[in-house]
Every structure is written in structure tokens, then in C-alpha cells.
Amino acid sequence: MHRNLRPSLEEPLEALVPGAVLRGTLTLPSGSGRVPAMVVAHGASFGLRRAPIYDEVVDVLLGVGIAVLRYDRRGEGESTGSAESVTLEELADDLVACVRLLHEHPRVQADRVGVWGFSQGGWVVALAAAAEPSIAGLVAVSASGTGPAEQMEYAVETTMRASGYGDHDVEAALSARRMVCTWEDGLCETPEVQALFDSINHEPWFPMAYLGDLSEDLRTVDRHWSHFDVRPALERIRVPVLLFFGDRDRWVDPVRSPEIWKATLTHADVTAVPLSGAGHMPTLALDPDSLDAEESGPTHPEYIAQLRNWSLSVLRPGSH
């Protein structure tokens, strides 16, 4: 990890949102003047404010005089509320609330607050930037251009094939996923899907299909997620956008997704950066073909350089 040695201050912050209190940490460069800021949106598996990929944002941006706000996602860590039934739109509303909270902070330049999102957080920052005109720019790392259902089909297939499974097993897993989507849409009933689960849950690949459970309480929420389309939000964005995609990403299609983002962001200044040798994380993984969720390895130097330079240009124009 890149380490910044610039003196800094950490300050706890709370944002009151419908149904929750979001608790986070604002890391500020030392001093007394107003500075730009970036607010971090979570990936699906990293809901707490402290994660290496979020710490990296602080390390890079603090070094160029930009503050960073990280917070625990609703229902996780020190934040209250329910994590089970939350929608992407609600997560975006939470992010916007944190952006607006910084508008009132005496050390933050209200017109220079950007948003950064990883993986699922890419959808969240897109929704937030489309809804909140004060957001100065957005960064999306490994963000899918397709919806969750198609994105997970890509992930299941590439992950299974990386583990040595062939066409028969891959198609069985994808067929099960499609049946779950049919169930979410109310086109088949729970006993039918449960019978399918019972017939395949002995397969060693079953956990890799990420089929979830058949909870009636979550059926509507799951349907909403499955049909989410980020493109209407992208069409409304009019601020600079920085995209990163690792060419060995097994969770998000590194060819199709940037094509969709760039084709749909017709009103934005878009910079898309391919990270050669990186997977889903912006790292030079020691073994990018492993199934290590952290993809442990040194942060990709191109990611560090581009994030630093773009943030200076967009959030601190004229400071080069």
C-alpha cells in the first residue's frame, strides 16, 4: 500500500438519514484552511469504513491536500438501520446525505466534494451524482455497466471456469440463477425453486452460484436489485468521471462495462483507465487468478497516479 506521511486530523461525523444514523470518520490534512473532500461509497463485501482499499484513498488524496470521509454502511459497524432490505437508491441517498454534511463543515470547500465508489459502490456514486448537482466529480473502480443479474452471471461463469468447471456445470449454475430471477418476478413459486435447490445443493460448485435464499421478506427487494439499470443515472451525469477496470477482473466484465459507461456518459468528461494485470481490486495481485477476495498485492501504480492527478485536476484545479 502507498503510505502518505502528511500530518492529518481525524474527526468523527454523524449523518442523520431516514431510518438510520450513519457514523464515519473524516480525515483532514492538518491546518486551518478549507480543502476539497472525497466521500467513499462501499463495495458489497466491504461495508465498514476501515478496509485497505478505502485506506488507500485516504493515503493518496491526503497527500495532495484532499480530505476523505469514510463511514459504516447502514446496518453495519457503528451505523444503525437495516442492511437486509436496503436498496441501491437508499444507499445513494445515504451517500448524498454525507456529501451534504460536508457542505456545513468549516474545513471543507462545499463546491469541491467528490464521490468515490468501488464495485457495487460504482452504481451508488452514479445514482448520487445524477441526483445531487453539488457533487464535483466521481470515481468508479471496477463498476459494472450491466445490471446485477447479468453481472453475477459473468462472475459465476468466470469464477467457476477459473476453478476448473466445464460447460455442463456452468450452465447448471446459470440456469439456477435464472430460475431465481423468475421466482423474484413472481413467475414461479417457492416450492419449485426449492426443489431445484435440493437437487443441486450437493454439487461442489453450489456455493459458487451465489443463489441466496428464498426469503419471502426479501423477494421484492431482490427483484428490485436484479432489475437495476445504471444507464438512466449515467445519462444525467454532467461532472467529470474517472473509471478504473482491471483487465483480469472476474467479477465485472472489463471489456463490456467500460464500453457501456463511456457510451452512456454522453454529458460527462470521462477518463477510463485500464489496469493491466489487475483483477477486481486495483492491485497487482500476487496471484490474480486465485479466488482471494482481497487479491492481496501491491496497489497498482497507475491507479495511484491517475487517482492523484485526476483528483487534483477536478477537486483542486489550478493547484498543479
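Is Phe-46 buried or exposed? I get a relative accessible area of 13%, so Phe-46 is buried (buried is under 20% relative accessible area, exposed over 50%, partly exposed in between, with a 1.4 Å probe and protein chains only).

Before going on, a note on what I'm looking at: this is a predicted model, where local features need pLDDT of at least 70 and side-chain atom pairs count only at pLDDT 80 or more, while totals for chains, interfaces and linings use all residues. Residues are numbered from 1 along each chain as its sequence is written, and side-chain values use heavy atoms, with hydrogens and water left out.

**Aromatic pairs**

I searched the whole structure and got six aromatic pairs. My cut-offs: rings of Phe, Tyr and Trp (its six-membered ring) pair if their centres lie within 6.5 Å, with planes under 30 degrees apart counted as stacked, over 60 as edge-to-face and the rest as tilted.

Helices (H or I, at least four residues) and strands (E, at least two) are DSSP runs here, numbered from the N terminus. Phe-118 counts as buried at 2% relative accessibility.

Next I checked Tyr-54 and Trp-116, which form an edge-to-face pair at 5.9 Å centre to centre, with 85 degrees between the planes. This pair also links distant parts of the chain, Tyr-54 in helix α1 and Trp-116 in strand β5, 62 residues apart. Both are buried.

**Thr-264**

I found Thr-264 in helix α9 (residues 256–264), buried at 11% relative accessibility. A polar atom of its side chain lies 2.7 Å from the backbone oxygen of Ile-260. Not counting residues up to four places away in sequence, Thr-264 touches Arg-231, Leu-234 and Glu-235 (contact is heavy atoms within 4.5 Å).

**Cores**

The largest nonpolar core has 54 residues, and those with the most contacts inside it include Val-39, Leu-95 and Trp-261. I define such a core as buried Ala, Val, Leu, Ile, Met, Phe, Trp, Tyr and Cys residues joined through side-chain atoms within 4.5 Å. Helix α2 (residues 88–103) gives the largest share of this core, nine residues. Another core lies apart from it, with 31 residues, among them Leu-61 and Trp-310.

Technical notes:
A polar contact is a pair of N or O atoms within 3.5 Å; within protein, one must be able to donate a hydrogen and the other to accept it, and residues adjacent in sequence count only if both atoms are side-chain atoms.
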